[in-house]
Amino acid sequence: MVSRIKNENYIVIQGFMVNEMKLKGNELLVYAIIYGFSQEEGQVFTGSLQYLADWTNSTKQGVSKNLKSLVEKGYIGKNDKYINGVKFCEYYATQFNRVCNSVTQG
């Protein structure tokens, strides 16, 4: 299978994700990806489970567990959308974490 990740693609792991949120492993990577796509109000991550699995070198099932855990911790939010009867999920970093990040850096 061909990876959806190009050699020039990158993600950013910020210190607060490790120090304040205590994230590690694939949960840290998944959060960093979603955070990168949703830093501005109203922006969301709409990529596939396979995209996240490619980044984490994991499985879609493993990524689903990471997403569920991050939602339960309140670190990310999830919106379900149905288009022509097909379910699509949007994920975003919660406002709580943006405020925490602003206080940490400001």
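A: The accessible surface of the protein comes to about 6800 Å² (Shrake-Rupley method, 1.4 Å probe; for residues, only the protein chains shown count as cover), and carbon and sulfur atoms hold 50% of that surface. This is a predicted model, so local features need pLDDT of at least 70 and side-chain atom pairs count only at pLDDT 80 or more, while totals for chains, interfaces and linings use all residues. Residues are numbered from 1 along each chain as its sequence is written, and side-chain values use heavy atoms, with hydrogens and water left out.

Of the 106 residues, 37% count as buried (under 20% relative accessible area; exposed is over 50%, partly exposed in between, with a 1.4 Å probe and protein chains only). Along the sequence the pattern reads α-α-α-α-β-β-α, that is, five helices and two strands (DSSP runs numbered from the N terminus: H or I of at least four residues for helices, E of at least two for strands).

Seven of its eight residues are buried, so α3 is largely enclosed by the rest of the structure. The buried ones are Gln-50, Tyr-51, Leu-52, Ala-53, Asp-54, Trp-55 and Thr-56. And what covers them? Helices α2 (25-37) and α4 (60-72) are included in that cover, judged by contact (heavy atoms within 4.5 Å). Just after α3, Asn-57 takes a positive phi of about 55°.

For another setting, look at Phe-88 in strand β2 (residues 86-93): at 42% relative accessibility, Phe-88 counts as partly exposed.
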